[in-house]
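Trainee: Could we go through this model together, one question at a time? I would like the terms settled before the values.

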Amino acid sequence: MSKINEILHRAGERGSSQGLPYAGAVTPDEAYELLQGIPEAVLVDVRSQAEWQFVGVVPDALRIELRSFPGMVPNPNFANQLMQQVDKEKVVLFLCRSGARSDEAARLATASGYATVYNVLEGFEGDKDGEQHRGRINGWKGRGLPWIQG
């Protein structure tokens, strides 16, 4: 079994064990491997514009707000914006700050007809450390994966 197939298999097992309505859940490292190994895969960052600007972004990630700052107001056009920019046949990975909004986005995408959808666990910043700071112990940034300041 190839490394990509192993990752997809583990992601599917996680999804089944958690009762997820979408294809599965991947770690940030697995998401990065999938993006390298499946060139047509799309990473969709669903954080707010403020987060992109002040916290950083993954290069080449598609950015579609699920909720807008301030107030984290839901984006009523999220599904339509996704459908205009991402083919439903693509492998789609959703990323947010910690994995909660990306789960919501994955559920919305699945309900909109996307078949191969994954949530990136831990998100971009990950969990808070002992000093209440994110981006140090896990998540995309904490694992040292490619990112740039927005």
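Mentor: Let us begin with a term: contact means heavy atoms within 4.5 Å. This is a predicted model, in which local features need pLDDT of at least 70 and side-chain atom pairs count only at pLDDT 80 or more, while totals for chains, interfaces and linings use all residues. Residues are numbered from 1 along each chain as its sequence is written, and side-chain values use heavy atoms, with hydrogens and water left out.

Trainee: With which residues is Ser48 in contact, leaving aside its neighbours within four places in sequence?

Mentor: Ser48 sits in the loop that links strand S2 (42-45) to helix H3 (49-55), where helices (H or I, at least four residues) and strands (E, at least two) are DSSP runs numbered from the N terminus. Once the neighbours within four places in sequence are set aside, the contacts of Ser48 are Glu65, Arg67, Phe69 and Arg101.

Trainee: Is Ser48 buried or exposed?

Mentor: The scale calls a residue buried under 20% relative accessible area, exposed over 50% and partly exposed in between, with a 1.4 Å probe and protein chains only. Because its relative accessible area is 1%, Ser48 is buried.

Trainee: Where is Ala109 found, and why does Ala109 count as buried?

Mentor: Ala109 belongs to helix H5, which covers residues 100-111. Leaving aside neighbours within four places in sequence, Ala109 is in contact with Leu82, Phe94, Tyr114 and Val117. Ala109 counts as buried because its relative accessibility is 1%.

Trainee: How far apart in space are Ala109 and Met83, C-alpha to C-alpha?

Mentor: In sequence, 26 residues separate Ala109 from Met83. In space, their C-alpha to C-alpha distance is 8.7 Å.

Trainee: What radius of gyration does the chain have?

Mentor: The radius is taken over C-alpha atoms, and the globule rule is 2.2 Å times the number of residues to the power 0.38. For 150 residues, a compact globule would have a radius of gyration near 15 Å, and the chain agrees with this, having 14 Å.

Trainee: In what order do the elements run from the N terminus on?

Mentor: The chain has six helices and seven strands. From the N terminus on, their order is α-β-α-β-α-β-β-β-α-β-α-β-α.
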